[in-house]
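Let's take a walk through this protein together. Keep the sequence and the 3D view side by side as you read.

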Amino acid sequence: MAQGSHERRGQAGGTGGAAVGGASMFAGIGLSVSGTLSILMGAAGIAQDSLFSASGGYAYQFDLTSWGWIHLVIGVWLSVAGIGVLAARSWGRWAGLTAAAISLITQFMFIPYYPVWSIAVMTIDLLVVWALSRFHPRSA
């Protein structure tokens with residue numbers, strides 16, 4: 001019985017292509033989601049939307065348009081890295097790891113403007129950093 005389940009597992013996993021699975025699949029999807037959310041946050045910041053409100057006296061207080069451009073650039077970088085991870089490109093893993101780490105830092109600095117959104121994106125970024133640094137793709 002144990003051998004039968006092992007055979008079934010081997011058959012299901014044998015796609016023969018360069019598909020990613022497990023932690024790399026999660027990281028690629030997480031990077032894409034985080035990138036999309038950052039792009040949306042950046043667009044709202046550039047448009048001077050009333051969505052964000054900052055309290056005075058914050059150390060990392062930039063103009064809202066500046067934060068919008070920062071989030072837009074990082075969001076595009078996250079999305080491109082996510083595509084690279086999902087396509088199993090060699091550069092995708094390191095680009096994703098650095099992009100998620102930088103996004104994590106910028107989201108932390110953006111907490112006073114929109115706390116719930118920032119903490120949600122920080123959680124995704126942290127899980128992506130963990131997945132990309134902990135799990136390595138198997139070479140066939």
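## The overall layout

The protein chain has 5 helices and 0 strands, and from the N terminus on the order is simply α-α-α-α-α. Here helices (H or I, at least four residues) and strands (E, at least two) are DSSP runs, numbered from the N terminus. This is a predicted model, where local features need pLDDT of at least 70 and side-chain atom pairs count only at pLDDT 80 or more, while totals for chains, interfaces and linings use all residues. Residues are numbered from 1 along each chain as its sequence is written, and side-chain values use heavy atoms, with hydrogens and water left out.

Of the 140 residues in the protein chain, 34% are buried. Buried means under 20% relative accessible area, exposed means over 50%, and partly exposed lies in between (1.4 Å probe, protein chains only). Take the contacts with a separation of 6 or more: 71% of them join residues 24 or more positions apart. A contact means heavy atoms within 4.5 Å.

## How α2 packs

Start with α2 and α3, whose axes are 7 Å apart at an angle of about 160°. That makes α2 roughly antiparallel to α3. The cut-offs go like this: under 35 degrees is roughly parallel, over 145 roughly antiparallel, 65 to 115 roughly perpendicular, and the rest oblique. Axes are lines fitted to C-alpha atoms, for helices over the stretch in contact, and angles run from 0 to 180 degrees between N-to-C directions. The contact of α2 with α3 has 15 nonpolar, 15 polar and no charged residues. For these classes, Ala, Val, Leu, Ile, Met, Phe, Trp, Tyr, Cys and Pro count as nonpolar, Asp, Glu, Lys and Arg as charged, and the others, Gly among them, as polar.

On the α2 side you'll find S24, L31, S34, S38 and M41, and they meet R93, G96, A100, S103 and Q107 in α4. By class, that contact splits into 3 nonpolar, 6 polar and 1 charged.

## Two nonpolar cores

Which residues touch the most other members of the largest nonpolar core? They are A27, L31, L78, A100, V128 and L132, in a core of 15 residues. The elements giving two or more residues to this core are α2 (23–46), α3, α4 (90–109) and α5 (115–134). A second, separate core of 6 residues includes L64, W67, M109 and Y113. A nonpolar core is a set of buried Ala, Val, Leu, Ile, Met, Phe, Trp, Tyr and Cys residues joined through side-chain atoms within 4.5 Å.

Zoom in on A100: leaving out residues up to four places away in sequence, A100 touches L31, L78, D125, V128 and V129.

H71 sits in helix α3 (residues 64–86). Is H71 buried or exposed? H71 counts as buried because its relative accessibility is 1%. Beyond neighbours within four places in sequence, H71 is in contact with S38, I39, M41, G42, T106, Q107 and F110.

V73 is also found in helix α3, but V73 is exposed, with a relative accessible area of 55%. From C-alpha to C-alpha, V73 and G35 are 9.3 Å apart in space, and they are 38 residues apart in sequence.

Finally, look for A88 in the loop between α3 and α4. A88 is partly exposed, at 41% relative accessibility. Most residues other than glycine have a negative phi. A88 has a positive phi, near 60°.
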